[in-house]
Amino acid sequence: MKRMALAAVTILTLAACGQPPSAQRGGGDLVIGISLPLSGDFAQPGGEAKRGYEVWRDLVNAKGGLLGRKVQLKIVDDASNQDTVVADYTKLITQDRVDFVLGTFSSLLNYPASAVAEKNRMVFIEPAGGAAKMFNRGFTYLFFAQPAASGHQADVFAEWITSLPEDQRPKTAAYPSQDDPFAKPVIDSLRSQLEAQGVKTVNADVYPGDTTNFQTLATTLSAAKPDLIAQGAVFEDGVGLVRALKQLDYSPKMLFQTSAPSNGEQYANGVGAAGTEGVLYTVSWNEKAQTPLNAEFVAAYRKAHDNAPPAEDAADAFAAAQVLQAATEKVGAVDQEKISAWLHANTVETILGPLSWMPTGEPKGSFMLAQWQGGKVEVIAPKNLATTANAINPKPGWKAAR
């Protein structure tokens with residue numbers, strides 16, 4: 001892809017100009033550099049990641065900071081652009097000389113950004129970016145702070161379908177997906193697993209990331225009448241397809257989406273309250289989880305944002321910062337090499353649960369299956385993490401509630 005090729009050239013050019021960071025960058029505030037998509041295609045999840053990082057900073061500083069130093073976040077906007085994110089992290093590391101960096105949103109942006117960090121021997125903990133290609137480069141400073149990579153995100157959904165009575169399982173499925181390096185592998189993996197179960201594929205359209213009109217796709221899907229629509233959706237595209245299907249007064253027996261439904265109140269506002277009912281998705285985090293600092297995170301987020309419930313992207317960013325904090329405190333210094341080695345050898349307790357990593361930086365865990373029920377999100381699988389005993393009829397509720 002042309003954009004990826006340009007980014008790769010820029011990485012080699014800019015990173016070569018930088019000097020390796022020192023193990024200790026001095027006293028004063030401890031500065032963490034972050035480039036986020038606060039505008040452009042990924043502005044919505046990028047904004048949530050910013051909120052998650054800021055909640056973590058405020059909680060840490062209220063308890064005395066990190067290594068006895070007040071934490072300062074230096075956040076810049078990469079405008080959802082690969083070349084910009086490369087320039088941002090290069091500047092943060094080699095010119096601003098921040099003590100640490102934390103990752104941005106999406107595999108599309110974290111792929112080139114993590115290369116800059118690796119060349120400068122800086123630990124790079126990413127809150128979102130689980131595409132398989134992230135972990136096949138032999139990097140030692142990269143860590144993905146979610147339970148599993150994208151190739152395994154839908155496993156729990158496929159297993160849940162297998163657990164259903166035969167007459168409730170889908171017989172046909174459509175797999176529309178944004179051409180996104182995180183979303184599409186999730187859907188590809190799910191399709192492979194369901195086809196192995198005998199579910200017939202009737203559609204697998206891939207659309208560009210800047211698609212805004214979903215009427216044609218919705219018309220195609222409604223004509224095919226699949227039992228299941230499984231969409232690789234980031235946010236706006238997930239909302240857009242639901243709106244288009246509602247306009248056609250068509251709903252499948254099941255609707256599964258990737259990241260879009262995890263955006264809480266913003267997703268509900270986008271599709272309408274009735275449009276959320278029954279929607280299924282896999283998730284790394286739940287507001288009700290009894291995990292370290294989760295209650296404090298939820299309370300602080302709600303206090304800072306007019307009592308709005310946190311979105312998953314905010315929780316993932318908070319967890320990424322928790323990982324950095326835990327390793328730094330154990331090492332006792334701003335030492336990138338020692339922090340990387342500690343993370344490779346240990347498990348970190350986070351609001352997502354325990355996180356640990358393969359040598360490639362890929363996490364070892366698994367996701368949860370969530371469902372919108374009555375305007376709230378409930379975890380329905382696996383059983384040991386479920387917040388409700390039952391899944392409701394998975395048929396999306398918008399048709400009956402128009």
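Visitor: Why is T172 called buried?

Guide: Happy to explain, bearing in mind that this is a predicted model. T172 has a relative accessible area of 18%, and buried means under 20%, so T172 qualifies.

Visitor: What makes T282 buried?

Guide: The relative accessible area of T282 is 1%. The cut-off for buried is under 20%, so the term applies to T282.

Visitor: Which residues is T282 in contact with, and how do you know that one of them, Q153, makes a polar contact with it?

Guide: T282 lies in strand 12, residues 280-283. Setting aside neighbours within four places in sequence, its contacts are Q153, A154, V156, F157, F256, Q257, E312, F367, M368 and L369. As for Q153, its side chain and that of T282 make a polar contact at 3.0 Å, and the limit is 3.5 Å.

Visitor: Why is L194 called buried?

Guide: L194 has a relative accessible area of 0%; since buried means under 20%, L194 is buried. This residue is part of helix 6, residues 183-196. Beyond four places in sequence, L194 is in contact with A158, I161, Y175, V199 and L228.

Visitor: Which residues touch the most other members of the largest nonpolar core?

Guide: They are I32, Y53, Y89, I125, F297 and L343, in a core of 69 residues. Helix 12, residues 312-331, gives the most to this core, with 10 residues. In soluble globular proteins, nonpolar side chains tend to be buried together.

Visitor: What is F297 in contact with?

Guide: Leaving out neighbours within four places in sequence, F297 is in contact with V55, L59, W285, P310, A314, A315, F318 and I351.

Visitor: How many residues does the second, separate core have, and what makes such a group a nonpolar core?

Guide: The second core has 27 residues, among them A244, Y250, Y267 and Y281.

How values were computed: Residues numbered from 1 in each chain as written. Predicted model: local features only at pLDDT ≥ 70, side-chain atom pairs only at ≥ 80, totals over all residues. Heavy atoms only, no water. Helix = DSSP H or I, 4+ residues; strand = E, 2+ residues; numbered from the N terminus. Buried < 20%, exposed > 50% of the residue type's maximum accessible area, 1.4 Å probe, protein only. Contact = heavy atoms within 4.5 Å. Polar contact = N/O pair within 3.5 Å; in protein donor to acceptor, adjacent residues only side chain to side chain. Core = buried A, V, L, I, M, F, W, Y, C linked by side-chain atoms within 4.5 Å.
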